[in-house]
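Please look over the sequence and the structure first.

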Amino acid sequence: MRTIVADGFLYFEGDLEASMWENAGDYLDRGNGNLGLRGKLQAYLKSQGEVATDYPFAYLVTAPRFLGYSFNPVSFWYLYNEEKQLRAMILEVNNTFDERRMYFLKDTIVKDPDESWTVIEHPRSKFKDTWLKDFHVSPFNSRKGSYALSAQDPFSAHLNGTCEVDNTITLSSSKAHAKLIARVFSDQPSIDPTTVGSWARFCFIASWWWVGFVTFPRIVREAGKLFFRRKLHVWYRPEVLKDSIGRHATEDEAYVQFPLPQKNLYC
């Protein structure tokens with residue numbers, strides 16, 4: 001993958017986010033694109049019991065909308081404190097049923113009773129966490145099990161400003177057996193769209209515009225291989241849990257969801 005860097009971080013001061021991400025409604029909670037990425041992130045952090053000002057800097061790794069289309073199996077939010085240290089992440093997971101689940105993960109920090117010192121349980125260049133699986137992603141896996149994430153801080157000091165993404169997610173069964181390991185990583189130098197010329201931008205778009213459009217067909221193709229060749233068991237889609245976001249309503253559903261007249265509520 002190719003990493004886009006905008007002055008290192010997505011600063012919430014100024015108009016940078018508006019110029020780079022045109023449709024904030026694609027991320028986090030449904031709709032409310034008028035809030036922008038800053039407003040939506042602050043609202044989500046508040047819903048998680050967090051203080052938004054604790055994370056003044058953020059960096060989003062995602063596939064942006066192109067020609068009106070966007071599909072992201074997972075987007076990574078890196079959240080930094082005032083000292084620009086990675087302290088939390090949000091994994092925004094989407095399945096092919098148009099459902100979504102956001103996982104808020106915090107840095108593992110241990111304090112002594114008198115809070116005179118703090119120990120980070122893992123190197124600062126790596127963010128690690130584990131959590132229970134409660135979202136239906138693949139028809140070939142149940143909703144049981146757990147995930148483990150090992151993510152490199154894209155702006156770690158040892159990278160010397162190169163901004164490299166390297167995330168590994170391990171899916172384990174309910175019996176703690178690793179079932180699937182997925183890795184997203186940079187294989188080319190990062191670029192800064194605010195400094196490259198028009199020709200470089202054109203070449204970048206020409207090289208990557210098609211990726212989003214073939215993501216879903218690729219998923220279907222691989223699912224067909226697993227079903228017809230490997231004969232894997234299929235888990236039918238369960239209803240989403242309260243911490244997940246359901247699919248968009250159909251036109252008929254949107255029509256009937258309007259409140260009934262008050263006089264009909266007690267018939």
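**Salt bridges and a nonpolar patch**

Arg-30 and Asp-98 join their side chains in a salt bridge, at 3.7 Å from N to O. A salt bridge here is a side-chain nitrogen of Lys or Arg within 4 Å of a carboxyl oxygen of Asp or Glu. The model is predicted: local features need pLDDT of at least 70, side-chain atom pairs count only at pLDDT 80 or more, and totals for chains, interfaces and linings use all residues. Residues are numbered from 1 along each chain as its sequence is written, and side-chain values use heavy atoms, with hydrogens and water left out.

**The Arg-30 and Asp-98 pair**

- Helices (H or I, at least four residues) and strands (E, at least two) are DSSP runs, numbered from the N terminus.
- Arg-30 is partly exposed, at 22% relative accessibility. Asp-98 is partly exposed too, with a relative accessible area of 33%.
- Buried means under 20% relative accessible area, exposed over 50%, and partly exposed in between (1.4 Å probe, protein chains only).

**Other salt bridges**

- The whole structure holds 10 salt bridges.
- Side chains of opposite charge can pair when their charged atoms come close.
- Glu-92 and Arg-100 form one of them, at 3.6 Å from N to O. Both residues are buried.
- Arg-237 and Glu-99 form another, at 2.7 Å from N to O.
- Arg-237 lies in the loop between H4 and strand S12 (244-245), and Glu-99 in the loop between S4 and S5, so this pair ties together parts that are 138 residues apart in sequence.
- Arg-237 is partly exposed, with a relative accessible area of 32%. Glu-99 is buried, at 3%.
- Glu-99, Arg-237 and Glu-239 belong to one network, joined by salt bridges that share partners.

**Nonpolar surface patch**

- Leu-67, Tyr-69, Ile-205, Trp-209, Trp-210, Phe-213, Phe-216 and Val-220 make up a nonpolar patch on the surface. Together they have about 760 Å² of accessible area.
- Patch residues have over 30% relative accessible area and no salt bridge; like charges are joined within 9 Å, nonpolar side chains (Val, Leu, Ile, Met, Phe, Trp, Tyr) within 5 Å.
- Accessible areas come from the Shrake-Rupley method with a 1.4 Å probe; for residues, only the protein chains shown count as cover.
- Helix H4 (residues 211-229) gives the largest share of the patch, three residues.
- Val-220 lies in helix H4. Val-220 is partly exposed, with a relative accessible area of 45%.
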